[in-house]
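Visitor: I would like to learn how to read a protein structure. Please go through it feature by feature.

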Amino acid sequence: MSLLEVNNLRICYGDTAVVDDVSFVVRRSESVGLVGESGCGKSQTALALLGLLPRDASVSGSIRFDGAEIANTSQRQLDEIRATRISIVFQDPMQALNPYLRIGQQLRQILLQHNLARGTDADEKVIAMLARVGLPDPKQQFHAYPHQLSGGMRQRAMIASALIARPDLLIADEPTTALDVTVQAQILELLEELRDDTALLLITHDLGIVAGRCERLLVFEAGKLVESGPTGAMFAAPASDSMKRLLKFAPRIDRGAILPPAEGKTVLSVEGASVSYRDASHRELRAVLDVTLSLRQAETLAIVGESGSGKTSLVRALLGLIPMHAGRVVYAGQLLEGAVQTRAAAQRRDLQLVFQDPVSALNPQMRVQSIVSEPLRVHAGEQTAQVRLARVVAILKKVGLNESFLHRFPHQLSGGQAQRVAIARSLILEPKILICDEAVAALDGSARDQVLELLRAVQRESGLSIIFISHDLAVVRSISHRVAVLYLGRLLEVADTALLFSEPRHPYTRALLDASPVPDPLVPTHAAPIKGEVPSLLSPPSGCVFHPRCKFADGVCSDKRPLLREIAGVRVACHHAEVLLKHP
């Protein structure tokens, strides 16, 4: 019997339909994946199911839940089914959770509002649910504010709030997009374990997430449902062009060509780099510790690791955006010293950065033409306005944007379009080194593939060297020549891409690979390979920083810090690297 029936759903803003004539069902206890590229109407559909669309949206068609019509019904009637019958896990828990209320208060309100528990009984139910979603020390987290939790812990709290009333339908709207691959694996495993008889509507653009977890798929394109059916059958023989395109551009960690090692000369070397911060209590937080790396001409060096591993701190320090506590950086035979504004113009021009969040990186008061041409005005002021405009048009074309974007402001761009503008701005000076900090995280499908191919093409044409920071190991596999693995500020492994993906020497590297989803229902999903959270930088573990989460750790791992050493062409910091290489 169908729990949810949607018929001829249409969502409009003025005369523009963002969802058009969509019909589908979700049965009791069933898991259904709703997939499609950004802007296809997935989230709008989810919000419509709960009556959460803005006031200027008009909804027509039918939404029947457990036999009752809920489309365009009263807020009172919707309040009766929200949380208790239908719950939602939003993409960004920091925005979804109330920053002024403690976690326990927010979950307690759900129980009180729906008369599900009172007094100490409500507190006990909340603490039990926080424990069930895997939050460490749930009694302490009961009293914590959202900003005091990590991203993974906030998402667990969000799942706890969605499940505490034992709803019949759980809507998970991109629940793992902002999470590291290891935390993503934990969250997806958690959803499977906890939902019991609850039906699941899992919304995502990542086919790897739905491949082994959803019984059926719904494929959206431009606001329309273009294909639906059993997951296995749709992966094996997709009928729609949209599903074929999603499969074509879905990166895979288990197959595809890998770039051979780069053989150019070293253009950048980082020696013994350390970066420290001070917290509000003036305690030292050591974000990067004694990291030594090199970058060759026409090479892409990927830096991977969970949030808090020091990836961004390392590259910002070498660029002079934050101070380096110790160590040195050499570019083209010259030291890179001091803050970025004190460095030579040629050094600033040759090293460019693409930030992770394009919206905050672009000046909201400037049009695209001015944003992209600004580096030319600074570093090539002798050029005429006509020459600068021609170069702006050419570089925008390279990143897949036409002249119609010249006069747009950042708020008039999608996330993917804004990231392309940011990349165009970084490439217009023809830099020697480009640092991409999660530069394709905001993109999906064909847009991501287009940007990656652009970077490869520029590298082939000009010998561009790239430092590529990412948590998506499938993308790293396709773009990089070498990979460096960071954890809690320490360098744990450095290897050529082919060797690292086929024979990882460090247990942490192996766990990252095992946690990466594969867009294929025939490939079994791994249980979350790492449990728990990354330790605090204020109190890092003794010995090997990874030993509290490592299943191979023994006494020497907690007592003695392993040094980075070379084993058969791989630099690895592990006491048991030789033994683990033979371990299945």
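Guide: Start with a definition: a residue is buried under 20% relative accessible area, exposed over 50%, and partly exposed in between. Keep in mind that this is a predicted model.

Visitor: What joins aspartate 79 and arginine 82?

Guide: A salt bridge is called when a side-chain nitrogen of Lys or Arg lies within 4 Å of a carboxyl oxygen of Asp or Glu. Between aspartate 79 and arginine 82 the closest N and O atoms are 2.9 Å apart, and the two form a salt bridge.

Visitor: How many salt bridges does this rule give?

Guide: The count comes to 24. One of them links glutamate 69 with arginine 64, with 3.9 Å between the closest N and O atoms. Here glutamate 69 is partly exposed at 33% relative accessibility, and arginine 64 is partly exposed at 32%. Another salt bridge brings together the side chains of glutamate 299 and arginine 296, at 3.3 Å from N to O. Glutamate 299 is buried at 0% relative accessibility, while arginine 296 is partly exposed at 24%.

Visitor: Which residues are linked in a network of salt bridges?

Guide: Arg28, Asp66, Arg85 and Asp168 are linked in this way.

Visitor: Now the helices. What span should helix H7 have, and how far apart are its end C-alpha atoms?

Guide: Helix H7 covers residues 151-163, which is 13 residues. At 1.5 Å a residue the helix should span 18 Å, and its end C-alpha atoms are 19 Å apart, so the two values agree.

Visitor: Is H7 enclosed by the rest of the structure or exposed, and what shows this?

Guide: Twelve of its 13 residues are buried, so H7 is largely enclosed by the rest of the structure. Among the buried ones are Gly152, Arg154, Arg156, Ala162 and Leu163.

Visitor: What is in contact with alanine 83, leaving aside its neighbours within four places in sequence?

Guide: Alanine 83 touches Ile110, His114, Ala162, Ala165 and Pro167. Alanine 83 itself sits in the loop between helix H2 (75-81) and E6. Its relative accessible area is 17%, so alanine 83 is buried. Sequence distance and distance in space should be read separately: alanine 83 and isoleucine 164 are 81 residues apart in sequence, but their C-alpha atoms are 8.1 Å apart.

Visitor: Next, the sheet of six strands. What is the order of its strands?

Guide: The order is E6-E7-E8-E3-E9-E10, in an open sheet with mixed pairing. Strand E6 (86-89) and strand E10 (224-230) are the edge strands, as each pairs on one side only. On average, neighbouring strands of this sheet are turned by 15 degrees against each other, direction ignored.

Visitor: Which helix packs on this sheet?

Guide: Helix H1 (residues 42-49) does, touching E6, E7, E8, strand E3 (31-35) and strand E9 (216-221). The direction of H1 makes about 145 degrees with that of E8.

Visitor: How many bridges join E7 to E8, and do these strands run parallel or antiparallel?

Guide: Strand E7 (residues 169-173) and strand E8 (residues 199-204) run parallel and are joined by five bridges. Leucine 169 stands opposite alanine 199 in E8.

Key. Residues are numbered from 1 along each chain as its sequence is written. This is a predicted model: local features need pLDDT of at least 70, side-chain atom pairs count only at pLDDT 80 or more; totals for chains, interfaces and linings use all residues. Side-chain values use heavy atoms; hydrogens and water are left out. Helices (H or I, at least four residues) and strands (E, at least two) are DSSP runs, numbered from the N terminus. The expected span of a helix is 1.5 Å times one less than its number of residues. Buried means under 20% relative accessible area, exposed over 50%, partly exposed in between (1.4 Å probe, protein chains only). Two strands pair if DSSP finds at least two bridges between them. Axes are lines fitted to C-alpha atoms, for helices over the stretch in contact, and angles run from 0 to 180 degrees between N-to-C directions. Contact means heavy atoms within 4.5 Å.
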